[in-house]
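Colleague: I have a structure open and some questions about it. Can we go through them one by one?

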Amino acid sequence: MRLNGRRMSRNVVDRRGSGGGGSGFGGFNFGGGRGMKLTGAGSIIGFLIVGAILLLGGGDATQILNGGMQNFQIQTSDPNYTPTAHEEELAEFASQILAGTEDVWSEKFREMGRTYVPPKMVLFTGSVQSACGGATASVGPFYCSADQTIYIDLSFFDQMEHEMHAGGDFAYAYVIAHEVGHHVQYLLGTLDQAHSAMARTSETEANRISVRTELQADYYAGVWAHGDNEMFNSLEPGDIEEGLNAASKIGDDYLQKQAYGYTQPETFNHGRSDQRVRWLKKGAESGSLSGGDTFSPSYSSL
């Protein structure tokens, strides 16, 4: 991506090295107790796979930071933490990408006759306390609507590159843009409606609503990419392909095959790889919110 000379966001809060502190919480789930749960380090999926599953699919952490490992304790980060040059580069990158989402979504909301209120982004190391509860870096980036904030441990970008083979600056930008997509859903009322519906239905149907929510956030990430390129000529050859590769690596089917050797479609709550790729690509090609309705089509047509 071409980011030279791009401004940095003023909505970044740097908590790296400060530690999450506080008491622990349970695992992670969607829809007020429904969906995939992390029940402990001994679960079949394990922390790394769960973190990958939640990556780009964090949704609203008000809904996912619930129940489970009641005695789990958040560990305090090293108070002597000093960021490396690489980490500082990633922090600047994340701030520039967030600024880009502010510019694009401010314009999109202006076109709708509305005012965009950007989210905060908290950078942390190891663990963090949010208005939705405590979390560790193993869950990946997440969005908390209770404080309208995105939380991210920048080391996840290194995990994407070395462990998931999904590196690249646009792939990392996709992570941030997807979480901002959940913030857009929150501002438009979609997120609350989805979670309310999830709480009133069966686990299988709640998972399907979760898939629709995540695919729309993928679409919104694509809309941002389209708008950012129009404003700043930011995309370089291969950038979109990096994002699509990342999307393919965090589909429910791909991750379940990696963890189990088989898939359980009724438990999908983020979407298959092909679905995530399709909706990200669709958003990037259209650049319009009007094409991002993932709730009206039949589930099989997503």
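This is a predicted model: local features need pLDDT of at least 70, side-chain atom pairs count only at pLDDT 80 or more; totals for chains, interfaces and linings use all residues.

Colleague: Is C132 buried or exposed?

Modeller: Buried means under 20% relative accessible area. The relative accessible area of C132 is 11%. So C132 is buried.

Colleague: How many disulfides does a search of the whole structure find?

Modeller: Look at the sulfur atoms of C132 and C144. They sit 1.9 Å apart, S to S, and a disulfide joins the two residues. The search of the whole structure finds 1 disulfide.

Colleague: How many residues apart in sequence are the parts that the pair C132 and C144 ties together?

Modeller: C132 lies in the loop between strand 3 (127-130) and strand 4 (133-136). C144 lies in strand 5 (residues 142-144). So the parts tied together are 12 residues apart in sequence.

Colleague: Which backbone oxygen does the side chain of Q96 reach?

Modeller: Q96 lies in helix 3 (residues 85-111). At 7% relative accessibility, Q96 counts as buried. Leaving aside neighbours within four places in sequence, Q96 is in contact with L3, R6, R7 and M8. At 3.2 Å, its side chain reaches the backbone oxygen of L3.

Colleague: Which helices do the buried residues of helix 8 pack against?

Modeller: Helix 8 covers residues 239-249, and its buried residues include G243, L244 and A247. The buried residues of helix 8 pack against helix 4 (155-162), helix 5 (169-188), helix 9 (252-259) and helix 10 (273-286).

Definitions and conventions:
Residues are numbered from 1 along each chain as its sequence is written. Side-chain values use heavy atoms; hydrogens and water are left out. Buried means under 20% relative accessible area, exposed over 50%, partly exposed in between (1.4 Å probe, protein chains only). Helices (H or I, at least four residues) and strands (E, at least two) are DSSP runs, numbered from the N terminus. Contact means heavy atoms within 4.5 Å. A polar contact is a pair of N or O atoms within 3.5 Å; within protein, one must be able to donate a hydrogen and the other to accept it, and residues adjacent in sequence count only if both atoms are side-chain atoms. A disulfide is a pair of cysteine sulfur atoms within 2.5 Å.
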